Amino acid sequence: MGQSKAGRNDPCPCGSGRKYKHCCLADQRPRPSQLPSSGAGIAIDWLWENHPSAVGAAIDRGFFGVFGPQQIEELFGSIPADLTEVIEHTMNEWLLAEAVLELEAGRIRTADLFLGPGGPRLDVAQREWLLTLASWPLTVYEVVESRPGEGMVLKSALSARSPRLEVRERLASEQLVRGSVFGGRLLPIGDERWELSGIVYPLEHLDLDILRRAVRRKRPTAVSETIRDLWLQRVAQPFSPPNLVSAATGEPMLMVTDLYRITDWPGLVRALAKEPDVEGDRDDGWIRFIDPEAEILRPRVALNPGAEPDQLELFAHTLGLADESRDWFRKVAGVRARFLDRRIVDPVSEFLSQREGSQADHPARPVSPPLEVSQEFLQKAIEAHYHHWADQDVPALDGLTPREALATRTMRQRVIDLLKMYEHKELEAAHREGRESASYEFLWKSVGLSRGRYI
């Protein structure tokens, strides 16, 4: 749809006199072979062939209801083709499962039309699949367990007392990790097992507060409408590279690793023990803090054991901190250490190269794969970053501290959502990087919550 020169609300180029979205645009929808069921393709074709104007109006009013006509036009004109296809598949499932058409006979669900008298010819399996699709609601789930390539265990993200459901799913289980929340439609496949209908709406944990309010409206379609609106608004946000800066210094973020060969480990250990802003040991590495007396401890540099027994890696997240740390380390280590190499990774370039599938060209910065940060350092750094989190004002909690928010009935669940979000982001990062995830158990304990009760 987004590939055509004609706008959705322009007269159709074929000369029919109808709007493009109600005429030839319909012929550009996914064909049956692209849809999860041949029965779905037959039903979609039948709807467009028999009620094109009503279908087009329902899509604009129902599926894209969060946008105005101009915004819909801009959306399809700005997003890449693969995302356009995702939207089209999502739209088609909505059309089969939930859409209501305004016809001369009144408001009629599409499912009642293509499954009723005069509908398309469908075999028993196709009819059963379409009836099941239209019978089960779109709602929000949280991943309790993910077995990549096989399936997942899910529970409702909107009800604390919901049962855990065994779900057969190959593709989504490769992407979703424990703690992920998403909108989806589960269909029963017998023996208390389920499968996803094929469409997944990725959501954020802080969306759950909005969705709980939708539940309280007690309108059957309120939750599904809210899921689609949240997802579409996120899809429509223009992409721009992340502006990553250090919270400690305001400098651009870089991953800088200086590699040293150590010739006198006992002497270096004694020298580092005398530094008041350094904590750690040879086994786990050391952290030098920017201000060890500050309320929020921020690492200046991490000193991690290297790949070889005689190596030490100094890791900093800005070039300024790396240069300052190199001068400091030379004074502390003296002849006990010999500089070998500096390796720099630009995280924005890494982000863009992953998104585009190609390497970004930054000749001024030598880019090499990031060296692994030790699990111990990562855990220490996270705990240092959140050291006083329980008593800090948090924008996501409307400026309250987590302790203050927990004392209010309306904000307590949002604190829990926030804690789950922190854990989930770390799990996603660990999944991408092929490492163990750091633990956030300490953060739950800092506000007096039992993590096991909510995870």
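**Figure 1. A salt bridge between Arg234 and Asp207 in the predicted model.** In this predicted model, the side chains of Arg234 and Asp207 come together in a salt bridge, with a distance of 3.1 Å from N to O. The pair links distant parts of the chain, since Arg234 belongs to helix α9 (residues 222-236), whereas Asp207 sits in the loop between β7 (193-203) and α8 (208-216), 27 residues apart. The two partners can also be described by their accessibility: Arg234 is partly exposed, with a relative accessible area of 31%, while Asp207, at 6% relative accessibility, counts as buried.

Figure 2. The side chains of Arg288 and Glu324 meet in a salt bridge, with 3.2 Å from N to O. Arg288 lies in strand β10 (residues 285-289) and Glu324 in helix α11 (residues 319-333), so this pair ties together parts that are 36 residues apart in sequence. Arg288 is buried, with a relative accessible area of 8%, whereas Glu324, at 30% relative accessibility, counts as partly exposed. Elsewhere in the view, salt bridges that share partners join Glu93, Glu98, Arg185 and Arg228 into one network. By the rule used here, the count of salt bridges comes to 27.

**Figure 3. Helix α8 and the elements packed against its buried residues.** Within α8, the residues Leu208, Asp209, Leu211, Arg212 and Ala214 are buried. An α-helix has 3.6 residues a turn, so residues three or four places apart point the same way. The buried residues of α8 pack against the strands β3 (139-147), β6 (181-190) and β7, and also against the helices α9 and α15. Just after α8, the backbone at Lys218 takes a positive phi of about 55 degrees.

**Figure 4. The second largest pocket and its lining.** The volume of the second largest pocket is about 550 Å³. Its lining consists of 22 residues, of which Leu158, Ser159, Ala160, Arg212 and Gln413 lie nearest the centre of the pocket. At least two lining residues are supplied by each of β4 (151-156), α8, α15 and α17 (451-454), and α15 gives the most to this lining, with five residues. By residue type, the lining of the second largest pocket divides into eight nonpolar, four polar and ten charged residues.

**Figure 5. The largest cavity and the residues around it.** Rolling a probe the size of a water molecule over the atoms shows where empty space is left. By the rule used here, the count comes to three cavities of 30 Å³ or more, and the largest cavity has a volume of about 100 Å³. The largest cavity is lined by Glu142, Val143, Val144, Arg178, Gly179, His205, Lys420, Glu423, His424, Leu427 and Ile455. Both β3 and α15 supply at least two residues of this lining, and the largest share, four residues, comes from α15. The residues that line the largest cavity divide into four nonpolar, three polar and four charged.

**Figure 6. Leu378 and Ser439, with the protein chain as a whole.** Leu378 is found in helix α13 (residues 375-385). With a relative accessible area of 19%, Leu378 is buried, because the cut-off for buried is under 20%. Although Leu378 and Ser439 are 61 residues apart in sequence, their C-alpha atoms are 9.8 Å apart in space. For orientation across the views, there are 17 helices and 13 strands in the protein chain, and buried residues make up 47% of its 455 residues. Among the contacts in the protein chain with a separation of 6 or more, 60% are accounted for by residues 24 or more positions apart. The protein chain exposes about 23,500 Å², and carbon and sulfur atoms supply 50% of that area.

Note on methods. Residues numbered from 1 in each chain as written. Predicted model: local features only at pLDDT ≥ 70, side-chain atom pairs only at ≥ 80, totals over all residues. Heavy atoms only, no water. Buried < 20%, exposed > 50% of the residue type's maximum accessible area, 1.4 Å probe, protein only. Contact = heavy atoms within 4.5 Å. Areas by Shrake-Rupley, 256 points an atom, 1.4 Å probe, with all protein chains shown as cover. Salt bridge = Lys/Arg side-chain N within 4 Å of Asp/Glu carboxyl O. 1 Å grid on protein atoms, 1.4 Å probe; cavity = no way out; pocket = protein on both sides within 12 Å on 5 of 7 lines; lining within 4 Å. Points joined across faces, edges and corners; volume = space filled by probe spheres on them. Nonpolar A, V, L, I, M, F, W, Y, C, P; charged D, E, K, R; others polar.
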